[in-house]
Amino acid sequence: MIVGLYGNQNSGKTTLFNELTGSNQKVGNWPGVTIEKKEGRIKGSDIEIVDLPGIYSLSPYTLEEEVSRKFLFEEKVDVILNIIDSTSIERSLYLSTQLLETGIDTVIALNMVDILESHGINIDIDKLSDALGVTIIKISAKNGTNIDNLISTIKEGNYKKNSNLKIYPNDVEKLINEISSSFNESIDNKRFASVKIIEHDRAFQILNNEILESRSQDIEKKYDMDGEQLIASLRYQFIESILKDSVKRTKRENTITDKLDKILLNKYLAIPIFIVIMGLVYLLTVGVVGRYTVDLIDSLFNGSSSIKGLGPLLEELILNAGGSPISASLVSRGIIAGVGAVCNFIPQIIVLFTLLAILETSGYMSRISFFLDRVFHKFGLSGKSLVPFIVGSGCSVPAIMSCRTIEDKDERHLSILLTPFIPCNAKLPIIVLFSSFFFGSSSWLVSFSLYLIAFLIILLSGYILKKLFYKGHESTFVAELPEYKLPSFKYVFKDVYDKTLAFIKRAGTIIFIFSVIIWFLSSFTWRFEYVDGENILIENSILASIGNAFSWFFYFILGGNNSWAASVSAIQGLVAKEQVISSMSVIAKVSDNEAIFNSQIFSFFTPITAYAYMVFNIFSAPCIGAISTMRKEFGNYKDMFKAVLFQTLLAWVLGSLIGLVQLLISI
Amino acid sequence: MQKFKTLKVGEEGHLSDLKRGQRCVVLNFHNDNNALRRRLLDMGITKGVIIEIKKIAPLGDPIDISLRGYELCLRKEDMYGIDIRVVE
Ligand SMILES: Nc1nc2c(ncn2[C@@H]2O[C@H](COP(=O)(O)OP(=O)(O)O)[C@@H](O)[C@H]2O)c(=O)[nH]1
């Protein structure tokens, strides 16, 4: 049996899906589009459940809606599970009336009943259930209330069958019947298709004919509305009429949300508060947590004065067991140094993800989109671009995908192009490592300045690109402003857990493999002589000669230094940005068994060149993963190449300008 | 861009003309962006619906409106295409 989970955005779909399936889920993509598809099995049953995109309607205008529509008809959904935010029941039932028209059996999960009372809303579900001819179950996805009841209802088939509810006035129902009976037998979901013909839905026009068209026009004239407007109005009229009997609302004045918004959306305070909040996020992540954890974890891997460390310990073990120095070096200076360099940042990534998840689920993120839209709109972006930008401080891949919610094509294009400028969690290690070594106690300020520069660059590039390439285009912004909610612990935990696990997995796979490759290339010469640091130096290694081939590119960025090691490490940012640090760590270990900045090889770095190098790494082409996501979202290679070229050129110019300062000072 | 005027109860105009706290009834639409029009219909902005202006973004745009028991943000330029009559 297949159950399709349908509901508006923010209705609690994700929370319910997690409750229903536990950890039993698979995340993929809908065929041909980069919209996430989640499938799972309902706990204690063999019922397949598919999570569909959050939508408000089954109209033909957005990809999300098209995916949702197709799935209903092509995959033979047995039951629709329609989740509704009971605090916005009127708007939510609009989608329900469309789902019911498909003729597929539907169960409504009336969510968020835990906050109904405080909202002054009383819903008589028996009356509502009778009026709709649908089984309705009150749940709280967040608290897990009544979920068992919901599961057993679906499992046992204990719900009302679809009764082909008539919701329109007689004359419109008559027209629907007429259209239905003109179809030949092979057409499923006749009622749905008939309504779509009245709406002039382009996907159903092949079923239309002249007679039906003129009958539709009669109705349009009678009601003085075009078909699309007519059907939407009649749906809402029907919903209003049934809610009159089943829902009582006591009017609420000055809710907590309104009071909070008085401050958080205040004309003068909103933007300072926003900057302070984001500053706090990075102060906590980079400053406070970073200072205490990075060295600690690093000493666990590589040892310090008080702790032996995993790397040196393994090296000793291997040598004592009669292993060769080469294999000992591979383990301790290759794998442990490379993977460890990235793992140092796990605590910070956990903190960053936690804070972002809280910002998102509390409803504050929607406020930021709301008040920044005015600014972003001027710069060719949408307030909704903020979501990819903030998600992007986690990872560019889901961030680029989340640009889908931006309706306007140009704004979406620009957002995809600019999202990788936001320092993602993989760039965080680079930022933290350099700024804490070179800027000490003001390192969090330096990190924060990089995020600010990122934002400035995004706005500026947006402005310039808009003026040059995306002239005179209209765009729209339609978004819900949800109420403030206390973040759910479970929800935040799962979100952070999944993302952190993905980060660790990368350290265990990509970073692991590349650490071995970098160790190999830096430990051997072209004639396969082993770099022992005495007779044969790392400057003769394969890696050094590769790095020397393009160290000219980084000449200005590094303040007039030709460094094969820094160059070859920066290039590896294409694999994964944290690989830059991994590579530097491996090279430093192989060269003189030191931590990165204690090593002779990286001793040329000064605060200024450190800043320039960070700037280059942050703004240049993102990792392969992000680049291929960009290609998917753009839909072609040409735009992808243009974007990557633009990013890298910009990064080079900025980095070089900063590096030039160093060059001038030293002359 | 349109000129801003102050509308009194009973007067007709565009949704974008309203001030914070004013309530109005929707009379009709005039815009030629089909996707936007459908989106607004889907979100419940149909003929006869009552809309209240709830919040205005710190920079003056977009605007948060309340209708059908929930809140929705729109840009002023998109609200311009909605004809209304002030009721309160
Ligand atoms: N009070 C309350 N909040 C809920 C409930 N279900 C979900 N939420 C919250 O509503 C917000 C949106 O939920 P989410 O599952 O992300 O919705 P989606 O956008 O439909 O996937 C989150 O902050 C949830 O914690 C519920 O039953 N009661």
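Me: At what angle do helix H13 (residues 325-343) of chain A and helix H24 (residues 578-592) of chain A pack?
Reply: This is a predicted model, in which local features need pLDDT of at least 70, side-chain atom pairs count only at pLDDT 80 or more, totals for chains, interfaces and linings use all residues, and side-chain values use heavy atoms, without hydrogens and water. Residues are numbered from 1 along each chain as its sequence is written, while chains are lettered from A and ligands numbered from 1 in the order of writing. Helices (H or I, at least four residues) and strands (E, at least two) are DSSP runs numbered from the N terminus; axes are lines fitted to C-alpha atoms, for helices over the stretch in contact, and angles run from 0 to 180 degrees between N-to-C directions. The axes of H13(A) and H24(A) are 8 Å apart, and the packing angle is about 145°.

Me: How many nonpolar residues does the contact of H13(A) with H24(A) have?
Reply: Contact means heavy atoms within 4.5 Å. Residues of H13(A), including A:Arg333 and A:Val342, meet residues of H24(A), among them A:Ile581 and A:Lys589. Ala, Val, Leu, Ile, Met, Phe, Trp, Tyr, Cys and Pro count as nonpolar, Asp, Glu, Lys and Arg as charged, and the others, Gly among them, as polar. By class, the contact has three charged, four polar and seven nonpolar residues.

Me: Which side chain has an N or O atom 2.3 Å from an oxygen atom of the ligand?
Reply: Of the 18 residues around the ligand, those that come nearest include A:Lys13, A:Asp114 and A:Tyr491. A backbone N or O atom of A:Lys13 lies 2.9 Å from a ligand oxygen atom, and for a side-chain N or O atom of A:Tyr491 the distance is 2.8 Å. The side chain with the 2.3 Å distance is that of A:Thr14.

Me: What is the phi of A:Lys76?
Reply: Most residues other than glycine have a negative phi. A:Lys76 lies in the loop between helix H2 (63-74) and strand S5 (79-85) of chain A. Although A:Lys76 is not a glycine, its phi is positive, at about 55°.

Me: Which residue does a cis peptide bond join to B:Asp61?
Reply: Most peptide bonds are trans. Here omega is about -5°.

Conventions
Near = heavy atom within 4 Å. Polar contact = N/O pair within 3.5 Å; in protein donor to acceptor, adjacent residues only side chain to side chain.
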